[in-house]
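Subject: Structure handover

Hi,

Here is the structure I promised to pass on. Please open it alongside this note.

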Amino acid sequence: MSAPVTQVDEKVPSPVPQRSSHDGSSTDDLERNNKEYKAKSGGARDDIVEVSSDADSEEALAAQRAREAQEGGTIKYRTLSWQKAAILLFTEYVCLAILSFPWAFSYLGMAGGLIATFAIGLGALYTSLILWRYCLRHPQLLNICDIGYQIFGKSKIAYELTALALVLNNVFIMGLHTLTGSEILNTLSNHGTCTLVFSVIIMVLSILLTLPRKLEQLTILGIISAASMFISILLVLIFHGIQGPNPAVDTFEEPVYITAFAPKDTGFVSGFSAVLNIVFTWIGHIMYPTFIAEMRDPREFPKALYAVTVAEFVLFSVTGIVVYRYTGQYTTAPAVGTLRPVFKKIAFAFVLPTTIIIGVLYAAVVAKYLFGRIFIGTKHYNEHTVIGWAGWIGCVTVTWVLGWVIGEAIPFFSTLLSLMSALFDCYFGYIFWAFAFFELYKGQLWVGQPWLRKLETAFQFVLIITGLFILGPGLYVSVQSIIDNYNTGSVKAPFTCADNSL
């Protein structure tokens with residue numbers, strides 16, 4: 001591990017002194033009144049958290065180094081307002097995956113789909129707030145890899161495993177977006193040229209858009225992405241309303257019907273796949289630490305989080321309800337699959353900017369990790385140097401080319417991505433933040449604590465069990481899907497020019 005801001009593992013730091021909580025809530029422990037705390041502890045203030053004179057000096061030094069790296073050069077990274085952080089979150093979440101919610105509802109039923117959407121969403125909001133509090137406590141953490149290092153006892157092994165997961169997760173998602181981009185272009189052009197040409201065009205355009213080194217510079221793209229996807233979703237809803245209960249499918253054998261809960265023919269694999277689809281859409285935690293690290297005032301991150309969560313509840317639910325109402329058992333993923341060809345092309349055209357820009361956001365986060373690991377602590381990290389820019393362009397280009405190769409080379413790529421999501425999201429969505437909670441409130445979990453704190457502590461074990469459940473059955477469902485694809489002959493050939501349009 002080369003990043004100097006995290007190499008402070010000689011001893012475990014003493015916990016930062018805290019004021020006692022009046023109601024046992026986590027928020028009271030961390031959102032302190034800075035002036036009062038400074039007067040009582042005599043500690044120094046860094047405008048994010050109080051650093052006590054009793055706190056471990058090495059961790060305080062690491063936080064100072066991280067701050068200097070982010071703000072000490074010509075390129076100042078910490079420039080995001082909470083509004084711009086919200087734009088990045090909207091960019092991440094207002095995506096094509098929303099159009100797969102009706103498919104999930106078709107296996108869970110209308111009420112079952114809504115219950116799953118709200119329950120999983122509330123869990124994601126809670127764990128996101130734990131993540132945010134953890135970043136406030138440890139301001140030297142710049143990405144998810146640093147958090148893995150810190151949570152598991154400043155373990156370099158944990159750092160490397162988390163780094164591997166970050167790279168694989170983001171690069172696979174980038175590959176998915178080059179593949180999806182080629183599907184969209186094929187759909188719009190009626191397979192106008194070789195599919196590989198389309199995917200290369202998407203890759204090259206994505207590399208160019210990822211070149212800005214600050215997340216703030218991507219917010220304009222984020223607005224375009226969220227707006228275009230919102231228009232696409234709106235068109236999908238309108239077009240399904242125009243079609244009525246007459247989905248454009250090849251085999252329309254019986255009238256459309258909907259159910260309140262899972263239909264009788266929903267098996268474990270299909271039902272759990274539907275739940276996993278909702279889980280994977282809600283879990284975006286792997287990106288949050290990088291967003292928080294570039295905020296002017298990370299204490300305002302919850303404002304962005306609440307705004308996006310409310311919008312997600314509305315978009316996910318309305319899309320699932322309306323499309324499932326008109327397509328019932330014929331629902332496809334994405335939902336454009338049940339539209340007439342002309343409607344499909346119009347709605348799908350607006351997905352293209354979103355497909356490219358979301359891939360750019362994931363690429364920026366993984367490139368920032370790689371670039372920081374190589375250059376942080378040097379002038380090349382935060383100054384306009386030839387070596388610095390060459391390094392950044394290299395990180396961006398290599399990751400995009402790797403994503404493109406993986407997306408085209410693996411015959412069962414889409415189902416493999418589900419397998420990777422099951423493997424990683426169980427940790428980054430649930431298990432990580434239970435252990436983060438245990439560290440945040442060490443010594444304040446059970447004995448002498450209010451009932452609300454004890455209840456919250458017990459809930460962390462629910463998160464761990466949930467994560468393990470997603471890992472186990474999630475891997476089984478994903479592997480079974482790969483086997484089923486081979487059995488049905490739906491596995492594509494690698495590096496093919498064949499038409500992959502919807």
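Below is what I found, feature by feature.

First, a caveat: this is a predicted model.

Disulfide

How many disulfides does the structure hold? There is one. C194 pairs with C497, and the two sulfur atoms sit 1.8 Å apart. The S-S torsion of C194 and C497 is about -80°, so this disulfide is left-handed. C194 is in the loop between α8 (156-189) and α9 (195-209). C497 is in the segment after α19 (451-488). The pair therefore ties together parts that are 303 residues apart in sequence.

C497 has 37% and is partly exposed. Two further cysteines are worth a look. C95 counts as buried, at 11% relative accessibility. C135 is buried too, at 5%.

Helix packing

Next, α14 and α15. Helix α14 covers residues 341-349, and helix α15 covers residues 351-375. They pack with their axes 5 Å apart, at an angle of about 40°. An angle of about 40° falls between the 35 degree limit for roughly parallel and the 65 degrees where roughly perpendicular begins. The two helices, α14 and α15, are therefore oblique to each other.

Which residues meet there? On the α14 side they are A347, F348 and A349. On the α15 side they are V351, L352 and P353. By class, this contact of α14 with α15 has six nonpolar residues, no polar ones and no charged ones.

Aromatic pairs

The count comes to 27 aromatic pairs. One of them is F118 with F313, a stacked pair. The ring centres of F118 and F313 are 4.8 Å apart, with 10° between the planes. F118 belongs to helix α6 (residues 110-137), and F313 belongs to helix α13 (residues 301-327). This pair therefore ties together parts that are 195 residues apart in sequence. F118 is partly exposed, with a relative accessible area of 38%. F313 counts as buried, at 13% relative accessibility.

F428 and F432 form an edge-to-face pair. Their centres are 5.2 Å apart, and the angle between the planes is 70°. Where do F428 and F432 lie? Both are in helix α18 (residues 413-440), four residues apart, about one turn of the helix. F428 is buried at 3% relative accessibility, and F432 is buried at 5%.

F428 and F432 also belong to a cluster linked by ring pairs.

A glycine in α11

Last, G271. This residue is found in helix α11 (residues 268-282). G271 counts as buried, at 11% relative accessibility. Leaving aside residues up to four places away in sequence, G271 touches L108 and T266. G271 and S106 are 165 residues apart in sequence. In space, their C-alpha atoms are 9.4 Å apart.

Best wishes

Definitions and conventions. Residues are numbered from 1 along each chain as its sequence is written. This is a predicted model: local features need pLDDT of at least 70, side-chain atom pairs count only at pLDDT 80 or more; totals for chains, interfaces and linings use all residues. Side-chain values use heavy atoms; hydrogens and water are left out. A disulfide is a pair of cysteine sulfur atoms within 2.5 Å. Buried means under 20% relative accessible area, exposed over 50%, partly exposed in between (1.4 Å probe, protein chains only). Axes are lines fitted to C-alpha atoms, for helices over the stretch in contact, and angles run from 0 to 180 degrees between N-to-C directions. Angles under 35 degrees count as roughly parallel, over 145 as roughly antiparallel, 65 to 115 as roughly perpendicular and the rest as oblique. Contact means heavy atoms within 4.5 Å. Ala, Val, Leu, Ile, Met, Phe, Trp, Tyr, Cys and Pro count as nonpolar, Asp, Glu, Lys and Arg as charged, and the others, Gly among them, as polar. Rings of Phe, Tyr and Trp (its six-membered ring) pair if their centres lie within 6.5 Å; planes under 30 degrees apart count as stacked, over 60 as edge-to-face and the rest as tilted.
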